[in-house]
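Subject: Structure handover

Hi,

Here is the structure for you to pick up. Please load it before reading on; my notes come after it.

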Amino acid sequence: MQDRAITAEKLTKKFGDFTAVDQISFEVSKGEIFGFLGANGAGKTTAMRMFCGLSLPTSGVATVGGFDVYSENEKIKNSIGYMSQRFSLYDDLSVIENIRFYAGIYGMSSKAIRVKAEHILKGLELEAEKNMLVGSLPLGWKQKLAFSVAIFHEPRIVFLDEPTGGVDPITRREFWQLIYEAAGEGITVFVTTHYMDEAEYCNRVSIMVDGRIEALDTPTGMKKHMGVGSMNEVFLQLARKATRTEN
Amino acid sequence: MNGITINNISKSYPLKKGKQEALKNIELTIPEGELFGLIGPDGAGKTTLFRILTTLLLPDSGTASVNGLDTTKDFMQIRKEVGYMPGRFSLYTDLTVEENLNFFANIFNTSVKENYHLIKEVYKMIEPFKKVRAGKLSGGMKQKLALSCALIHKPKTLFLDEPTTGVDAVSRKEFWELLRSLRAEGITIMVSTPYMDEASLCDRVGLIQQGSMMGVDTPQHLRNAFGKKLLSVKGPDMLQLLRQLQAMDTVEHAYPFGEYHHAVLKDAAFLPELPANIEVKEVEPDIEDCFISLMRTHAG
């Protein structure tokens, strides 16, 4: 179990008679960058909420960081990091206040926070801006800071929900370089995106259609299997099969 | 002259300290009937430009005209002749799909019946839900309803502010197919997007970043103007390869690009020396390569 960050076996979530997530099964290895793709309404967010310990499955089995999603969801919350485009940092707190706030929630000591904060700010070249309100930072800096904050407490797994939406192409790439580095340090990265070129940066990707996982492979394997040149074409071919309209 | 003309428009927003320059000396002419894409990230100034052209905001300096009408003097007439779909969903959430559409037709003194041919293609996708309140619709459905409402008075010019943001690749493709068919009706369309891959679907595009228009041309001309040799590189350890490329004297800059890295060469005559297990091929630049290159020039 040591080398598996996430496992799911026939994981299902129903809302009344609507099956949002329909018996999905897969494993994500430690240190892997796993792309979780799907059309709007395919069930990605519902699945992600179960993995983050925020929503109980209807049936099936799943573990995150070795913890059971039914009985150990509080332990899961402690061992993961999370960031999304919509919610990441508090605009009306300064850079350093955001770091202290999040690290404090995860129970880090003041001393550990101080030492690590210096290191992070240096790496992001944000030392001069540490007392600036996050709301006044350019979006690209904010997103890179948000990612660093999400992995500040050294979680085993970080969940990224469309982390690069609307970000300029240079910053988007700097962001992915941060992702690569985190994965290199053994953090498992579980990421959703609408940018199909970013799907290519993942070690493996899954594509959800109507609550099910329709395909799961390396980007190269997927393209080869479907005989197409890009992940965009793979996605269009698979997602076209969807019968469910968005929820 | 119809279409859109923008002469030296600038706009700033006051901040606690100093000001935020949202648009800097924008010059642009969009001929009647063109499908024009305004491409840039969040904060580039796209929405500010839309708000000026739709007469919702006054520029600090410069002038603009839409359908031959001045955005400051003739604002009442412009409002009758343009359709505007803002980035944020702005229809009435407690009215049904049908009620929203009828409402917008009524305030423009027309009827759904009169211009049904214009919205038919998009509206038929949401018609099964016509009795549903707009607030209950999914993102993709809301987007289609908003387009229907922006079209129902048969505007000469249509402004669409990031209609495909946060929308999946399949719905994005469908939406662009709808725009192509509206263009065929002779409507001038200005559409903004943060997705660089949508550039190829426009007649011409403007690349905008931090309030400056970095380039305006057809996607093909922009690619032709790239002017540097571009290599696509792939190897077993991509992170290490990227660092290696970024440190090379022969490489101006290198960045991840899908399953490859792209390396822009300083001089086409000097190829970087790479081990035999590294796959290297020369490629044509994409709009995203052009955008990155222009960003570097403008920042530099």
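This is a predicted model: local features need pLDDT of at least 70, side-chain atom pairs count only at pLDDT 80 or more; totals for chains, interfaces and linings use all residues.

**Salt bridges**

The search over all chains returns 29 salt bridges in the whole structure.

Start with A:Lys144 and A:Glu174. They form a salt bridge, with the closest N and O atoms 2.6 Å apart. A:Lys144 sits in helix 5 (residues 139–150) of chain A and A:Glu174 in helix 6 (residues 169–184) of chain A, so the pair ties together parts that lie 30 residues apart in sequence. A:Lys144 has a relative accessible area of 15%, so it counts as buried, the limit being under 20%. A:Glu174 reaches 34% and is partly exposed.

Next, the chain crossing. B:Glu288 pairs with A:Arg173, and their closest N and O atoms are 2.9 Å apart.

Then chain B. B:Asp197 and B:Arg172 form a salt bridge at 2.8 Å between the closest N and O atoms. B:Asp197 lies in the loop between strand 8 (188–193) and strand 9 (204–209) of chain B, while B:Arg172 lies in helix 6 (residues 169–184) of chain B, so the pair ties together parts 25 residues apart in sequence. B:Asp197 is partly exposed at 45% relative accessibility. B:Arg172 is buried at 6%.

**Surface patches**

Which residues gather in a patch of positive charge on the surface? They are A:Arg100, A:Lys111, A:Arg114 and A:Lys130. Of these, A:Lys111 is found in helix 4 (residues 110–123) of chain A. A:Lys111 has a relative accessible area of 59%, so it is exposed, the limit being over 50%.

There is a nonpolar surface patch too. A:Tyr90, A:Phe101 and A:Ile105 make it, with an area of about 280 Å². A:Tyr90 is placed in the loop between strand 6 (80–84) and helix 3 (95–105) of chain A. The relative accessible area of A:Tyr90 is 32%, which makes it partly exposed.

**Single residues**

A:His194 lies in the loop between strand 8 (188–192) and helix 7 (196–199) of chain A. It is buried, at 4% relative accessibility. Its side chain is joined to that of A:Glu162 by a polar contact of 3.3 Å.

A:Lys10 has phi near 50 degrees, a positive value in a residue other than glycine. A:Lys10 is in strand 1 (residues 4–15) of chain A and is partly exposed at 48%. B:Asn67 is not a glycine either, yet its phi is positive, at about 55 degrees. B:Asn67 sits in the loop between strand 4 (61–66) and strand 5 (69–70) of chain B. Is B:Asn67 buried or exposed? Buried, with 8% relative accessibility.

Over to you.

Best wishes

Note on methods:
Residues are numbered from 1 along each chain as its sequence is written. Chains are lettered from A and ligands numbered from 1 in the order in which they are written. Side-chain values use heavy atoms; hydrogens and water are left out. Patches are made of residues with over 30% relative accessible area and no salt bridge: like charges are joined within 9 Å, nonpolar side chains (Val, Leu, Ile, Met, Phe, Trp, Tyr) within 5 Å. Accessible areas come from the Shrake-Rupley method with a 1.4 Å probe; for residues, only the protein chains shown count as cover. A salt bridge is a side-chain nitrogen of Lys or Arg within 4 Å of a carboxyl oxygen of Asp or Glu. Lys and Arg count as positive and Asp and Glu as negative; His and the chain ends are not counted. The place of a charge is taken as NZ of Lys, CZ of Arg, CG of Asp or CD of Glu. Helices (H or I, at least four residues) and strands (E, at least two) are DSSP runs, numbered from the N terminus. Buried means under 20% relative accessible area, exposed over 50%, partly exposed in between (1.4 Å probe, protein chains only). A polar contact is a pair of N or O atoms within 3.5 Å; within protein, one must be able to donate a hydrogen and the other to accept it, and residues adjacent in sequence count only if both atoms are side-chain atoms.
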